Amino acid sequence: MRQLRGKNALLTGASRGLGPYLARTLAAEGVNLALSATRLESIQELAASLEQEGVKATPLTADFTVAPDVASLAERAEEALQGIDILVNNAGIESEGLFMEQDPDTIIRTVRVNCTAPMRLTHLLLPAMVRRGEGHIVNMSSIAGKRGAPYDAIYSGTKAALIEWGNALRMELADTGVFVSTICPGYVTEVGMFARFGIDPPRLIGSCTPQQVAAATVRAIKLQQPEVIVNSRPLRPLLAFGQLFPTVADRMLRAAGIPAFQKRKVGRG
Ligand SMILES: NC(=O)c1ccc[n+]([C@@H]2O[C@H](COP(=O)([O-])OP(=O)(O)OC[C@H]3O[C@@H](n4cnc5c(N)ncnc54)[C@H](OP(=O)(O)O)[C@@H]3O)[C@@H](O)[C@H]2O)c1
């Protein structure tokens, strides 16, 4: 989708962290936005400021742990903007901790928000995109989905699921005019779920800024990029090596102090 001006997008997780950066970057391209989060107050101001910049922006609430909320969000977004061309599945929650100590509700909630909601929203919005012969689904995954992060096992599993669901779906949709992109940010600085821990990202892995993630997302839509890793250091060779030699990769990551870093991050170090 080279030309974004006048297109309509549903952006989930718009209230904080990466959300407002994604919203402003899409709006700067002339994209009208349906913005979702769990509380109206958290997205009203953003919507108003985007409207002042000349795009339509509608705040919509939905709690992704509640199935009917997800279904009605798709409907309300289509109604508000008269159709959705782009779906950015950005909302996500982390569920850090020692896996065997986590309560079952944490597993269920994390899967609902990080996997079920993106799949369900896509399922609901896709038919109209295919009918129009144009559309784009963006899934906000993570490098934790490329290589699981210890003490963040549930989160890592959901982010990996997004990547392979997206890969499968993109191939199913070939020749329909609808494309699927996956964005895999590294540790994001300044705002969001990692920045809130208030610790520096591990030097070996590197980091990225929210502006870089937002710019990469718009680029992925315009250039139809299947998967984008957003990070200050090139990680793809390392990740590919890990696929080929998982035992060696585990040892290397341990030697580089990644499990210890993750443990510190969740306050167990
Ligand atoms: N920050 C990072 O370092 C990083 C790195 C890699 C990937 N990512 C991914 O980037 C995405 C955004 O992360 P972030 O750092 O911006 O997170 P964040 O600051 O924690 O914001 C999370 C967003 O998701 C929404 N959300 C949470 N629970 C929800 C629920 N039950 N129903 C509906 N919406 C819900 C929140 O809305 P409310 O305000 O209403 O709760 C909020 O808008 C996530 O998918 C995350 O996995 C982040």
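Is Asp175 buried or exposed, and how many C-beta neighbours lie inside 10 Å? Asp175 counts as exposed, because there are 6 such neighbours (exposed: 12 or fewer other C-beta atoms within 10 Å of its own; buried: 20 or more; partly exposed: in between; C-beta atoms are placed from the backbone). The model is predicted; local features need pLDDT of at least 70, side-chain atom pairs count only at pLDDT 80 or more, and totals for chains, interfaces and linings use all residues. Residues are numbered from 1 along each chain as its sequence is written.

View 1. Most residues other than glycine have a negative phi. Helices (H or I, at least four residues) and strands (E, at least two) are DSSP runs, numbered from the N terminus. Gln82 counts as exposed, because it has 9 C-beta neighbours inside 10 Å.

**View 2. The shell around the ligand.** The ligand is surrounded by 28 residues, the closest being Gly13, Gly17, Gly92, Gly192 and Phe194 (near: C-beta atom, placed from the backbone, within 6 Å). At least two residues of the shell come from each of α1 (18-28) and α6 (192-195); α6 gives the most, with three. By class, the shell has 14 nonpolar, eleven polar and three charged residues (nonpolar: Ala, Val, Leu, Ile, Met, Phe, Trp, Tyr, Cys and Pro; charged: Asp, Glu, Lys and Arg; polar: the others, Gly among them).

**View 3. Packing of α3 against α4.** The axes of α3 (residues 67-81) and α4 (residues 104-132) are 9 Å apart, at an angle of about 40° (axes are lines fitted to C-alpha atoms, for helices over the stretch in contact; angles run from 0 to 180 degrees between N-to-C directions). The two helices are therefore oblique to each other (under 35 degrees is roughly parallel, over 145 roughly antiparallel, 65 to 115 roughly perpendicular, the rest oblique). Val70, Ala71, Leu73 and Ala74 of α3 meet Ala117, Arg120, Leu121, Leu124 and Leu125 of α4 (contact: C-beta atoms, placed from the backbone, within 7 Å). This contact has eight nonpolar, no polar and one charged residues.

**View 4. Packing of α1 against α7.** The axes of α1 and α7 (residues 210-223) come within 9 Å and cross at roughly 45°. These helices are therefore oblique to each other. Contact residues include Leu18, Tyr21 and Leu22 of α1 and Pro210, Gln211 and Val213 of α7.

How values were computed:
Two residues are in contact if their C-beta atoms, placed from the backbone, lie within 7 Å.
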